[in-house]
Amino acid sequence: MSALSLYAKLERLPNNLKQEASDFIDFLLEKSIAKNKNVVPSPGSARGKIRMSPDFDAPLDEFKDYMQ
């Protein structure tokens, strides 16, 4: 689709819909920029954010019948 055909369609819209189309175009531009960003986490950046319970390796009561 050419820019000229998009412009022609945009010109036929009422003013309130032109603003809505402009907002949507801004959203799409931000989305494409965010998609192209390559975020590489640094080593140790999740330290302290993940916690495991002390009984993590303990057998579950639901499987007691199967563990004899």
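Tyr66 lies in the segment that follows helix α2, which covers residues 15-36. The model described here is predicted. Tyr66 has 68% relative accessibility. The residue therefore counts as exposed, since the cut-off for that class is over 50% relative accessible area. Together with Leu60, Phe63 and Met67, Tyr66 forms a nonpolar patch on the surface. The four residues share about 490 Å² of accessible area.

Glu20, Asp23, Asp26 and Glu30 gather on the surface as a patch of negative charge. Of these, Glu30 is found in helix α2. Its relative accessibility is 58%, so Glu30 also counts as exposed. Across the chain, there are 10 positive and 10 negative side chains. The centres of the two sets lie 11 Å apart.

The overall form of the chain comes next. The chain holds two helices and zero strands. Its radius of gyration is 27 Å. Along the principal axes, the C-alpha trace spans about 75 × 35 × 25 Å.

Burial was examined over the whole chain. Of the 68 residues, 0% count as buried. Buried here means under 20% relative accessible area. The chain exposes about 7100 Å². Carbon and sulfur atoms supply 59% of that area.

Terms used: Residues are numbered from 1 along each chain as its sequence is written. This is a predicted model: local features need pLDDT of at least 70, side-chain atom pairs count only at pLDDT 80 or more; totals for chains, interfaces and linings use all residues. Side-chain values use heavy atoms; hydrogens and water are left out. Patches are made of residues with over 30% relative accessible area and no salt bridge: like charges are joined within 9 Å, nonpolar side chains (Val, Leu, Ile, Met, Phe, Trp, Tyr) within 5 Å. Accessible areas come from the Shrake-Rupley method with a 1.4 Å probe; for residues, only the protein chains shown count as cover. A salt bridge is a side-chain nitrogen of Lys or Arg within 4 Å of a carboxyl oxygen of Asp or Glu. Helices (H or I, at least four residues) and strands (E, at least two) are DSSP runs, numbered from the N terminus. Buried means under 20% relative accessible area, exposed over 50%, partly exposed in between (1.4 Å probe, protein chains only). The radius of gyration is taken over C-alpha atoms; the globule rule is 2.2 Å times the number of residues to the power 0.38. Lys and Arg count as positive and Asp and Glu as negative; His and the chain ends are not counted. The place of a charge is taken as NZ of Lys, CZ of Arg, CG of Asp or CD of Glu.
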